[in-house]
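Thanks for coming, everyone. Let me put the structure up, and then we will go through the ligand site and the strands around it.

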Amino acid sequence: MAPLWLSRVLYAVPRKKPMKFAPETGIAQMQDCGPLRTSDWDRLLTGADVWHVSPDALSPESLEHRCLGWLTPQERARRDRFRTDRLRHNYLTTRALCRWVLSRYTGVSPNQWQFVENPYGKPAIAAPVEFQRLRIPAAVNASGRMPLPHEFNSLYFNLTHTEGMVGCAVTRAGEVGLDAEDTSRPVDIEAVAGQVFSAAECECLSSLPAHCRTLRFYEYWVLKEAYLKALGTGLSTPPDQFTITWRDDGQPASLGDWQLALYHPTPRHVAATAVCRPVGAPLPVTWRSADVLA
Ligand SMILES: CC(C)(COP(=O)(O)OP(=O)(O)OC[C@H]1O[C@@H](n2cnc3c(N)ncnc32)[C@H](O)[C@@H]1OP(=O)(O)O)[C@@H](O)C(=O)NCCC(=O)NCCS
């Protein structure tokens, strides 16, 4: 008989071929999310996808018609509390994108997802249980007797929203953080950097010619925020206590076990990802447009 910890793990393992989910698993077949590809699901073990969409590209009426029914009663209540149509639409876009992305890889119906937040607000999958983040007993990990194959990794995601862009990062490789910012937003660079950047980052920023500073400010910002969001601790980890450094190729260096990457997905936006990648080759991150939601 399998030891208790192993049966827990096996119970939590997503099926290798999500397309073959049978009705008896209790998981509804995916609707409204396009064809499933098992190759995409497999690819998430060693890569991440970031799906992005502009709320402005989506018709509020058709989004509501198609996606409002995916939300839980609590999410609907939260949406109703926003004061303007625009904020309600942005909120629905984020929730719809998240559910659509998770469903696209798994075959789960978009309205079946339930989420739980950690004490700092980071959401994770609560149901269907097959896709919950695994909690491996520490003794098993620490002993090294039975290293777990990486197929046991579950589904990790993180969301970001800023003016003109909503993003959802998804991977099976490990915890992930995503942040995007609208660089056209006016900002008092020196005042803000002095509060949240490390001394080395502030120095680096002030050594740049004035016309480069705004972009580099936002690049630091999204990288630091993506890292904090990957950790899941938000601002309870002081952002001035760690420093982003740069490799020779202009990309950010890893921070401990966290692989960082920087993107310019639109002329107006910068974005960053942080993915837990203690060992192994660099993790490819693919940006994909979710205009299909329109
Ligand atoms: C909440 C926080 C995690 C991100 O806030 P943000 O950059 O304003 O928001 P984003 O749009 O990028 O991300 C928000 C989403 O991240 C997720 N999230 C919330 N708390 C999170 C946490 N602790 N960890 C990871 N993700 C979190 C949620 O899905 C949230 O969206 P929702 O509220 O619609 O569900 C937090 O880091 C914060 O308050 N930051 C303030 C900005 C700041 O001072 N940053 C300093 C960087 S140098």
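I will start with conventions, then the ligand shell, then the strands.

This is a predicted model: local features need pLDDT of at least 70, side-chain atom pairs count only at pLDDT 80 or more, and totals for chains, interfaces and linings use all residues. Residues are numbered from 1 along each chain as its sequence is written.

Ligand first. 21 residues surround the ligand, where near means a C-beta atom, placed from the backbone, within 6 Å. The closest are G121, K122, T160, K229 and G234. By type, the shell has eight nonpolar, eight polar and five charged residues; Gly counts as polar here.

Which elements each supply at least two shell residues? They are β4 (156-162), β6 (176-182) and α9 (210-231). Helices are DSSP runs of H or I, at least four residues, and strands are runs of E, at least two. The largest share, five residues, comes from α9.

Now β6. Six of its seven residues are buried, so β6 is largely enclosed by the rest of the structure. Buried means 20 or more other C-beta atoms within 10 Å of the residue's own. Seven bridges join β6 to β8 (residues 269-276), antiparallel. There, D179 has A272 as its bridge partner.

Next, β4. An open sheet of four strands runs β4-β5-β1-β9, with mixed pairing; strands pair if DSSP finds at least two bridges between them. The edge strands are β4 and β9 (285-289). Between β4 and β5 (residues 165-171) there are seven bridges, antiparallel. One of the partner pairs is N158 with A169.

Technical notes:
A residue is buried if 20 or more other C-beta atoms lie within 10 Å of its own, exposed if 12 or fewer, and partly exposed in between; C-beta atoms are placed from the backbone.
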